[in-house]
Structures are given as structure tokens and as C-alpha cells.
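Please keep the structure in view while reading.

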Amino acid sequence: MSIQNEKTLEAYQKVAKNYLASTKLATSTYKENAIRAKKELQNFIKESFKEIPKGSKVLEVGSADGENAKYIQELGFDVTPSDVADDFLNAIKENGLTPIKFNILTDDFKYKYYAIFCWRVFVHFTKED
């Protein structure tokens with residue numbers, strides 16, 4: 001794992017709580033845009049998952065608040081949300097899900113997954129990562 005990625009992970013540990021709060025504020029301030037963006041993302045997820053058998057194990061990497069994992073679960077999949085920041089893991093739990101602490105660059109997969117969903121995760125990686 002690169003030094004840049006280590007610094008990103010450290011930053012997320014420090015600012016996850018503020019990120020979650022600002023996301024809720026942005027959602028209430030720009031409600032129409034937030035609703036449209038959420039629907040577009042959900043349509044993308046639904047379309048991407050249409051060939052995956054219902055009930056399949058799916059790992060979501062970088063789940064943040066768990067909203068995408070919750071939607072994937074509602075589509076009929078056995079989803080495992082994950083993140084590296086403790087505040088994100090707590091937010092996922094508050095969303096009624098059971099997350100795992102998982103760093104895709106350094107941790108081993110404990111299970112076989114039919115699919116892995118990453119939304120806005122790889123943008124944090126260097127070419128080396």
C-alpha cells in the first residue's frame with residue numbers, strides 16, 4: 001500500500017464523522033439534486049446487478065454510511081458492507097447492517113463473493129496501489 005493511500009486512510013479516520021454530517025446537511029440543503037443523484041446511482045446499481053443471482057454474496061468496499069449496501073440488500077443480495085474508518089462502521093451499524101472493517105489493499109478475503117461493489121473507492125488509490 002502506498003504512502004498516499006495510508007495518508008488517505010488516516011484522513012478518513014479523522015474526518016469520517018464530519019463527512020457524514022456534511023452529507024446529511026448537503027442532502028437537506030440540495031434535496032432535489034440529492035434525490036436525483038441517489039435515484040441515478042440506484043438505477044446504476046440495479047442495472048449492474050441484474051445478471052447476478054439473487055441471494056449471492058456481495059462485498060461492498062468503502063460503504064461509508066451503508067446506504068448503497070442497504071439498497072443492494074433490498075434488491076435481494078446477501079451484502080457485507082465494509083469500511084476502514086470507525087465512524088463509517090458505526091454509521092453502517094446505525095443503518096441496520098453488520099459491517100466488517102476491511103482494507104482492500106491489505107486485508108485478505110475471508111469469504112468468496114459473487115460480486116464486489118466499490119463506489120468512489122479506487123479514486124483514492126495510486127497507480128502503484
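Leu41 is found in helix α2, where helices (H or I, at least four residues) and strands (E, at least two) are DSSP runs, numbered from the N terminus. The model is predicted: local features need pLDDT of at least 70, side-chain atom pairs count only at pLDDT 80 or more, and totals for chains, interfaces and linings use all residues. Residues are numbered from 1 along each chain as its sequence is written, and side-chain values use heavy atoms, with hydrogens and water left out.

With a relative accessible area of 14%, Leu41 is buried; buried means under 20% relative accessible area, exposed over 50%, and partly exposed in between (1.4 Å probe, protein chains only). Apart from neighbours within four places in sequence, Leu41 is in contact with Asn68 and Trp119, contact meaning heavy atoms within 4.5 Å. The C-alpha atoms of Leu41 and His124 are separated by 20 Å, and these residues are 83 apart along the chain.

Asn68 lies in helix α3 and is buried too, at a relative accessible area of 16%. Leaving aside neighbours within four places in sequence, Asn68 is in contact with Leu41, Ile45, Glu60, Phe117 and Trp119.

How do the two helices meet? The axes of α2 (residues 31–48) and α3 (residues 67–74) come within 11 Å and cross at roughly 50 degrees. That angle makes α2 oblique to α3. Axes are lines fitted to C-alpha atoms, for helices over the stretch in contact, and angles run from 0 to 180 degrees between N-to-C directions. Angles under 35 degrees count as roughly parallel, over 145 as roughly antiparallel, 65 to 115 as roughly perpendicular and the rest as oblique.

On the α2 side, Lys38, Leu41, Gln42, Ile45 and Lys46 take part, and they meet Glu67, Asn68, Tyr71 and Ile72 of α3. The residues of this contact comprise four nonpolar, two polar and three charged. Here Ala, Val, Leu, Ile, Met, Phe, Trp, Tyr, Cys and Pro count as nonpolar, Asp, Glu, Lys and Arg as charged, and the others, Gly among them, as polar.

Next come the aromatic rings. Rings of Phe, Tyr and Trp (its six-membered ring) pair if their centres lie within 6.5 Å; planes under 30 degrees apart count as stacked, over 60 as edge-to-face and the rest as tilted. The count comes to six aromatic pairs, including these two:

| Pair | Centre to centre | Angle between planes | Type |
|---|---|---|---|
| Phe44 and Trp119 | 5.7 Å | 45 degrees | tilted |
| Phe49 and Phe77 | 5.2 Å | 65 degrees | edge-to-face |

Phe44 lies in helix α2 and Trp119 in the segment after β4 (115–118), so their pair ties together parts 75 residues apart in sequence. Phe44 is partly exposed at 41% relative accessibility, and Trp119 is partly exposed at 31%. Phe49, in the loop between α2 and β1 (57–61), and Phe77, in the loop between α3 and β2 (78–83), are 28 residues apart. Phe49 is buried at 5% relative accessibility, and Phe77 is buried with a relative accessible area of 5%. Ring pairs link Phe44, Phe49, Phe77, Phe117 and Trp119 into a cluster.
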